[in-house]
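Subject: A structure for you to look at

Hi there,

Here is the structure I promised to pass on to you. Have a look around it first, then read my notes below.

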Amino acid sequence: MSGPRLLASAIVLTALVAALPAAPAAAQVRPRFVIPPGREGIASRMMGLGLATAGCRTGDVAIEEARIVATYACGAQRVEVALVHRDVAGVARTTERFGIVAEGAPAPLLDALAARVRREEGGFEWIAPTPGWDGAPPDIAPVDPQPTMELPAPIASRYAEGLDLYRAGRHAEALALFTELASEHPRGGVLGMLVATLASTRPSAERVEALARAADRSPDDPLAQFLAGVAAHYYAHESGRDRWEKERYYETALRYLVRARPAYDFEARLFIYLAVSHFRLGHQDEAEVAIERAVELGGDDPDAFYCRAEIFQRRDVARSIADLERYLEMTRRLVAEGGVVAASKQERVRRMLEHLRAVQRGEERGDEIFDPVGEGPVALRFGQDRARFALGALACGLVVLVATKIGARRRARP
Amino acid sequence: VSPAEEGLGSAQALVAMLLLGASLVALPRALARGRSAFGKDTRAIVIAAALAALVLRCLVAPHEIATVFIGYRWTEQCWYLHPIPAYGAGAAALYHALFALLPFDHASILWVNALLGALAVPLAASLASRLSRDPKTGAVAAVLVAILPIFVRNDASDANNVPLIAWMLGGLVLLEEHLDRARAASRPRPGESGDVAAPPRGTRSHGSAGSAGGADRGERTPLALGTALLALAACSRPEAPIVVAAAAAAVVLASRPVREPRALAVAALCALVLVVPHALHVARAIGELEDRDSLPGLRLGLVPQIPFLLVARNAVLDPTLFPIGVAGLAALALWKRGAGRMRWMWLPLLVAVVAYLPDLDRANVARVHVPAALFATLLAARGATLLWSLEPRAAMRAAAAGAVLISIAPSAIQLFRPTNEATEESVIREAERSLGAEHGYTLVRTAFADRPEDDRHTHEHFPDYLFRPPAGGARVVSVTDFASAPDFSRPVYFYWGMRCHARFRHEGTRAPGGENLQPHCARMRERFLFHPVFERTVPNRGDVWIDYYGDAPSLTLGLYRIAPRAEPPSPRPPTAR
């Protein structure tokens, strides 16, 4: 084999080796388009929630990552119908934006459904999945159904209205309501609800930039600073694609949260985000001071303990384990009282707990479990691990060296 | 960053990693090739020159950021690699991989460059010897590359063209080896006739060294490895693809008649494919720079100015950057027919000057024209040996050598002039030492955000990584951020550096009088109490490379612990610190 061929083989081989660790991630088929947050209303209308469609009664309507699924009772028959992106293969009907997937559904139901979808779909846009999105719902704060203090009557009724919107998944509307409410009355858990709804909208980089610009324009408005800080924090946590981007956004979060602190020094959530942003930037001492203040102010907020567990994971693993156990206990109670807690987060906390117990027993190394870097849309990602990159280069060098030696030996043969 | 751009970045990183791996084999091979390029006497000169280069770059020359503070940002970009820096992934990938072993500090990059710069000396010598077929030319090239101030300063700096030059020279040496082997393999055996160039005097060609001319037929390892090195070099800076391509073309033209053109075409195609992600990346970066009006030179109006700029903005023709005696020797080599194959070096020399015209100012000409200076030096080495052979009188030879050596002095004086940027580096290091043991504090330093809208060209890069975790215990913030919500719950320090006295001015604008104190630093002074941790009054070196500073004879810099001011600001001027 000649030199170039050997080199080409070596390059291909090394590329394959380098790609191997990423293969499982690449195997997960990510949809090209997903349903944006806050589309519950339009989904219910398209599926005819609470209505009869061609003689079939609509049952549940659920939004998944890339489809809207509804069940219909057509006499004794139960059928499941899903709305997917119109480019998905195997659909029974298509509209301008959707394809209808249905097995065994009567044709009149499909026709009626298609007609209704065509009427409603004008206000719907598919979006590309956020880089790093693993399909799990955002890491939202647990929501207590009760305000943390007695609110004046008109505020309390709007709070309840906002909570209903939040529970119905109408996050954009809830956010607008809680933002308005917080500007008048930030105490009593209103800021906590504002955070929960803001996190549920999964702020994009553009949204963070817009909020930051708004905050810069109104340096005396603590609410604008708070919103920009929280949005930057959630963007870093949920969507930061590498350590650099995460650090950049945690720095941004700190910038605005620090500005909001004098006005909102009663709010545990502010100290939670300050603490976690500090911790993820390596400021251990500042993080510890801030999280203790958060626990002091918000002892009934499970997230305060969750975040304290993160901050002490390397300094005091036993304390971290105790805090995670407390988090689980508190969220169980909260759910029993009608609160909203992301089930995926509870499941994750259980896994974290197992991991930390294994670390405590000395069976595992302490990994980055609270704020991992997303895999992103490209399977092969470098730049996050210098050692891996250097080893990759050394492996390439070794392959090239072996290839040249083999080539030289073959040429030397008589 | 769109998924497409992310994919492009990953492709660049992957290509750079593969090529970096190949370079680990290719570069030693290129160096080994040098062994057969010299006789005993000339080899000793080359080894001595390489050792002198090592000493000059590692022990004598000051290790300094030569990019007017941009090296601080460059270090951070190389540490993370993603997103790929605007320059490309080649050199960044090298530093990134080495950061697995070396500390996160720009000093790491300066040391790597110093070593790579010394490594370039035998490679340049080998190339000159092979192309000129004269080992003496190679030896002279080794000496010149080792000692000329323009190379010494560049190699002891953060310049990202240092790895580029080492890889390019290695690639050219291997390309020449392939061409030499192919030619030797096609040399007619006894009884045959053909048009074949003679092997270099006092050296061995692979054909003559082998047992038979045909033994090397099909040996394409040097070509493959050379292609990898050239592609890696091409991915190291935006303009590198055309400079490297011109250099490779010059070597091919110098080695005519070319045997096995098909293999050469395949290699060129492979290199092209490998450079495609870099080219796309550069095109995008150029678009972004144009959007920000940061690339004013890239316009059609530049074309008529090219002849003027080739003279006015050309480090090779500037006696304060490149010795006029060496430039004269290069001109002699081009003028005299005896230059032979070396004359083709004019091609990369010209391309390497023209390529930088769209983005060239006084601040970077001494750095970005180093590749051009290198090709001029190779020509000059040939010019020197020609002069030696033309002039038999020892006195005249000594006079010529003396004149060349004397002509080095102006460039040594200019290139190693003390600068305010170097002073800034020493003050930053002192601050680092002063705060080394401290944890949980805030370090306030100036940043781009502190500058007004009409002042976006003053480089505010700062080595935050020396103070932030994991290296230090600071939270580093800008003046604007700190002043908007001063937090004194933990110690707060303010770094008063050179940038407090710097504001970019276009060339030809008059320097402001006095200290040129910037408003954001003045505001800090007015608003807070300053307790010096250390304070240094340093001479103001003025605008050596870039127009930033005022005309005050000295400036006071330092690190201050700051505290809230309980009283109205003192009317004392800032100089009274």
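This is a predicted model: local features need pLDDT of at least 70, side-chain atom pairs count only at pLDDT 80 or more; totals for chains, interfaces and linings use all residues.

Which residues in helix 10 of chain A meet helix 11 of chain A, and which residues do they meet there? From helix 10 of chain A come A:Tyr250, A:Ala253, A:Leu254, A:Leu257, A:Val258 and A:Ala260, and they meet A:Leu270, A:Tyr273, A:Leu274, A:Ser277, A:His278 and A:Arg280 of helix 11 of chain A. Contact here means heavy atoms within 4.5 Å. By class, this contact has 9 nonpolar, 2 polar and 1 charged residues. For the classes, Ala, Val, Leu, Ile, Met, Phe, Trp, Tyr, Cys and Pro count as nonpolar, Asp, Glu, Lys and Arg as charged, and the others, Gly among them, as polar.

Residues are numbered from 1 along each chain as its sequence is written, chains are lettered from A and ligands numbered from 1 in the order in which they are written, and side-chain values use heavy atoms, with hydrogens and water left out. Helices (H or I, at least four residues) and strands (E, at least two) are DSSP runs, numbered from the N terminus.

Helices in chain A

Two packed helices are described by the angle between their axes and the distance between the axes. Axes are lines fitted to C-alpha atoms, for helices over the stretch in contact, and angles run from 0 to 180 degrees between N-to-C directions. The axes of helix 10 and helix 11 (residues 268-280) of chain A come within 9 Å and cross at roughly 145°. Their crossing is left-handed, meaning that the near helix is turned anticlockwise from the far one by less than a right angle (right-handed if clockwise).

Helix 10 (residues 243-260) of chain A also packs against helix 9 (residues 222-239) of chain A, at an angle of about 160° and with the axes 7 Å apart. That makes helix 9 of chain A roughly antiparallel to helix 10 of chain A; angles over 145 degrees count as roughly antiparallel, under 35 as roughly parallel, 65 to 115 as roughly perpendicular and the rest as oblique. This crossing is left-handed too. The contact of helix 9 with helix 10 of chain A has 13 nonpolar, 6 polar and 3 charged residues.

Helices in chain B

In chain B, helix 10 (residues 221-234) and helix 12 (residues 261-291) pack at an angle of about 30°, with their axes 9 Å apart. These two helices are therefore roughly parallel to each other. The contact involves B:Leu223, B:Thr227, B:Ala231 and B:Ala234 of helix 10 of chain B, and residues of helix 12 of chain B including B:Ala263 and B:His278. Helix 10 of chain B passes helix 12 of chain B in a right-handed crossing.

Strands

Two strands pair if DSSP finds at least two bridges between them. In chain A, strand 4 (residues 77-85) and strand 6 run antiparallel and are joined by 5 bridges, with A:Gly99 as the bridge partner of A:Val84. Strand 5 (residues 93-94) of chain A pairs with strand 6 of chain A in the antiparallel sense over 2 bridges, and the two form a hairpin with 3 residues between them. Is strand 6 of chain A enclosed or open? Of its 5 residues (98-102), 4 are buried, so strand 6 of chain A is largely enclosed by the rest of the structure. Buried means under 20% relative accessible area, exposed over 50%, and partly exposed in between (1.4 Å probe, protein chains only).

Chain B has an open sheet of 5 strands in the order 2-1-3-5-4, with mixed pairing. Its edge strands are strand 2 (473-477) and strand 4 (528-539) of chain B, each pairing on one side only. The twist averages 25° from one strand to the next.

Loops

A:Arg202, in the loop between helix 7 (190-200) and helix 8 (205-217) of chain A, has a positive phi near 45° without being a glycine. A:Arg202 is buried, with a relative accessible area of 12%.

Enjoy exploring!
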